[in-house]
Amino acid sequence: MRDVAVLGVGMYRFGMWDVPNAVMAREAGLAALRDANLSFRDVQAAYVGHIFAPVMSAVRVMKEFGLTGLPVQHVENASATGSAAFREACLQVAAGTYDVVMVLGFDKMTTMIQQSTQGTAPENMEDAILPAAFFALWATRRMYERGMKPEHLAKIAAKNWNNGALNPMAQRQPQEPMTPERVLRSRMVAWPLTTMMSCPMGDGAACAIVGRADLAKRLRPDRPVVRVVASALQTEKYAPGHLFMGPIVGPAQMTIDTAAQAYNEASVGPEDLDLVQVHDAFAIEELEYYELLGLCKPGEAEKCIENGDFELGGRIPVSTDGGLIARGHPGGPTGLAQIWETTLQLRGEAGKRQIEGARIGLCHMMGGGSVCVIHILQRD
Amino acid sequence: MGEKRKIPIKAGYFTIPENASDPPRLLGSRCQRCGEHYFPRRAICAKASCLAEDLVDVELGPQGTLYSFTFVHMPLFGSSNLEHMDGYGVGQIDLPEGPRVQLPLAGRKEDYYIGQPLIAELDKLREEGDADVVIVRFRPVAEGGA
Ligand SMILES: [Zn+2]
């Protein structure tokens, strides 16, 4: 991925809002344009990430910025929607098609859920298994194979809640420090996962402007250039034990393979990373991704959690903005919220969450258990 | 007091045995080229090294081994029909032919452990006219055999 940079980022705070998608999207987009020192007139194309979208919602929402005739594409890949849209924009800039592209993600999960619960009974075999269950199945197996305890998951979740408290864009911002004990005491969703180990429902928007790296320096000479040095997207490969029916977490190998592709493309290894954002819709995921992304050796996640390796100030901080668990996961914008956080960190603009001297960051998202998207960002 | 007629929630996933005490069988596919088994049925072998189109229908199970399980305590997406007071179980079960399936479990969390032998059974989901709409779930194999 040569010569592609994040020119600007913007967000509409994740939360439960009585605000239309179009308004959240417009606010996030304008924030990103201001951040990039660009006007909408400069945007040559837009990739829009939106889940459960009515027909033409991408084009309709883009009209909020003005009618300039630019090409608009709708990208959808479940939770990895924002990440997949970001990838399309980066590829087009790398290919030389455009110099400045807007990537805009927005969603109202509250509305999505209403739409999808209108049926009162399962209509096919797939409906028999609910999303709450499939990550719990991963957790139960991990307890059996590796001696993981619910306390490890609670420690991850508490870390993310506490990181969220430092992020003004996070949906969950606890007033007092969150403790693993409190996480464990919260309501059981699917044993051993509790509500506070799970991401909340919410609404929000996030935007990234990507463009030619030389533009970044010219537009904002006052700050470091943040380059996109890898963009990898893979779907599942068949392996024994593969699940073909019902919601799944996706085969572990998919994240290993996608990460290998990204590391290779960026010519960096996991030991070079200063911070990482992962798809932590449930705390068990973050634990598994520590190993699958190579942040620690297989079987050592529990020990590293006990050491505090992944906390702010630890060996390799993960989910620095609160992750899906605390920053929130409205769907379309989530992958772009990761880009927002990583970009701010690499510029040294992450406030109380700032990782001293952060130079390389990785963003990882899963979509429907069947798609893995990884981007690596690097400061000049 | 004859049994009501049973109809599957969706055709093509499992059998409904004529004798109500017999377990249902899962309906899958076997690749004639590489021998891999799949559930549910599919038209093309999923292995990148094979991709053969000569799959045949086979019956799988009814027994299997528990790979992982959970009990869910929150009804979501309208599936409250499967909800019990203690939550409802979901298991991943390895079938002897190879495929791993993800289906509901009967009973309570205390009934289960990883590696346990399980057997398929039909579970009534709801009534529809004079018939019961049924789904497949698994339960522990009774002491001393199925
Ligand atoms: Zn085959």
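Of the contacts in chain B with a separation of 6 or more, what percentage comes from residues 24 or more positions apart? The share is 53%. Bear in mind throughout that this is a predicted model.

Select chain B and switch to cartoon. You'll find nine strands and zero helices, so to read along from the N terminus, follow β-β-β-β-β-β-β-β-β. Now color by burial: of the 146 residues in chain B, 49% are buried.

While you're still in chain B, pick B:Lys124 and B:Glu127. Their side chains form a salt bridge, 2.8 Å from N to O. Both ends are partly exposed: B:Lys124 has a relative accessibility of 42%, and B:Glu127 has 48%.

Next, hop over to chain A and select A:Asp35, A:Arg223, A:Arg347 and A:Glu349 together. Salt bridges with shared partners link these residues into one network.

Now try A:Glu288 and A:Arg142, a salt bridge at 3.8 Å, N to O. A:Glu288 sits in helix α10 (residues 283-292) and A:Arg142 in helix α5 (residues 131-146), so this pair ties together parts of chain A that are 146 residues apart in sequence. Are the two residues buried or exposed? Both A:Glu288 and A:Arg142 are buried.

For another stop, show A:Asp214 and A:Arg212, whose side chains meet at 2.7 Å, N to O, in a salt bridge. A:Asp214 is partly exposed at 33% relative accessible area, and A:Arg212 is partly exposed at 25%.

Conventions: Residues numbered from 1 in each chain as written. Chains lettered and ligands numbered in written order. Predicted model: local features only at pLDDT ≥ 70, side-chain atom pairs only at ≥ 80, totals over all residues. Heavy atoms only, no water. Helix = DSSP H or I, 4+ residues; strand = E, 2+ residues; numbered from the N terminus. Buried < 20%, exposed > 50% of the residue type's maximum accessible area, 1.4 Å probe, protein only. Contact = heavy atoms within 4.5 Å. Salt bridge = Lys/Arg side-chain N within 4 Å of Asp/Glu carboxyl O.
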